[in-house]
Amino acid sequence: MSVTHILLIEDNPGDARRVMEFLQVTGNIQQTTWQPTLTEGLRFLEESTSDLALLDLGLPDHSGLAAVQRLCQTHPKLPVVILTGNQQQQLAEQALQEGAQDFLCKEGLTPQVLECAIRHAIERQRLASELIALNQQIEATNLDLETAQTQVLQGEKLAAIGQLAAGVAHEINNPVGFIHSNLGTLSRYFQRLCEYHTLLDQNQTVDVLRQARRSLKIDHILADAPELIDESLQGTDRIKTIVQNLKNFSR
């Protein structure tokens, strides 16, 4: 284990010297900064960085869990090891719940125990940070997948709408086609009837009218026109049914 810097927040000078001696014994700590209050420790962290903080719970400006909460809230990525004379099990559990990585009692503390606690605290904090980063990456991937799924779904919907539109267009095109053709035929029939009506207005002879009736195919027109009209009306009814079914489907 190679640790660059340890921040010791301890108001008792004797305990502070003892802990710093322990840290020197380990040979793995390059530098230790001692601050007698949490306020001074936080001020130090605003200007410098540390690999880990050793925190006493009996500080003059912040004591107990309030000190743990303040330090962990302001510097959530900094591993914190509690170093106190209070051996209450409940206090230890609460401190760990507030974000501390370990809870050590000053009584019976050895350099080996301190070194082990520091090493494990830094490793746990590293793993926790990696886990947070992994969770963020998973959330981002899930968001990308949801976006892609939404896009695919939208594409499928558009494809379905396109197929529906093509089907409706085909169904409507058939009756529209023969209605258009019938109207064209009826238009020509109407022109012939107008020509025949003009001859009638001119009081032409019976022979002339009979010849015109044959050449203009008036009898055929009179027989065929009702069928064309009836067929066209059926086509419009078919279109009306298709449109109504489309309205019902859209609802």
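1. A quick definition to start: two packed helices are described by the angle between their axes and the distance between the axes. In this predicted model, helix α5 (residues 111–201) and helix α7 (residues 218–250) pack at an angle of about 155°, with axes 9 Å apart. Angles over 145 degrees count as roughly antiparallel, so that is how α5 and α7 run relative to each other. Their crossing is left-handed.

2. Ile138 itself is partly exposed, at a relative accessible area of 40%.

3. You will find 9 salt bridges in the structure. One of them pairs the side chains of Glu10 and Lys106 at 2.7 Å, N to O. This pair links distant parts of the chain, 96 residues apart: Glu10 sits in the loop between β1 (3–9) and α1 (13–26), and Lys106 in the loop between β5 (102–105) and α5. Glu10 is buried at 2% relative accessibility, and Lys106 is buried too, at 14%.

4. Back in α5, Glu123 and Arg126 are 3 residues apart and therefore separated by about one helical turn. Their side chains meet in a salt bridge of 2.3 Å, N to O. Glu123 is partly exposed at 34%, as is Arg126 at 38%.

5. Helix α6 (residues 206–215) holds both Asp207 and Arg210, 3 residues apart, with a salt bridge of 3.1 Å, N to O, between their side chains. Arg210 is partly exposed at 43%, whereas Asp207 is exposed at 56%.

Terms used:
Residues numbered from 1 in each chain as written. Predicted model: local features only at pLDDT ≥ 70, side-chain atom pairs only at ≥ 80, totals over all residues. Heavy atoms only, no water. Helix = DSSP H or I, 4+ residues; strand = E, 2+ residues; numbered from the N terminus. Buried < 20%, exposed > 50% of the residue type's maximum accessible area, 1.4 Å probe, protein only. Axes fitted to C-alpha atoms, helices over the stretch in contact; angles between N-to-C directions. Parallel < 35°, antiparallel > 145°, perpendicular 65-115°, else oblique. Left-handed = near helix turned anticlockwise from the far one by under 90°. Salt bridge = Lys/Arg side-chain N within 4 Å of Asp/Glu carboxyl O.
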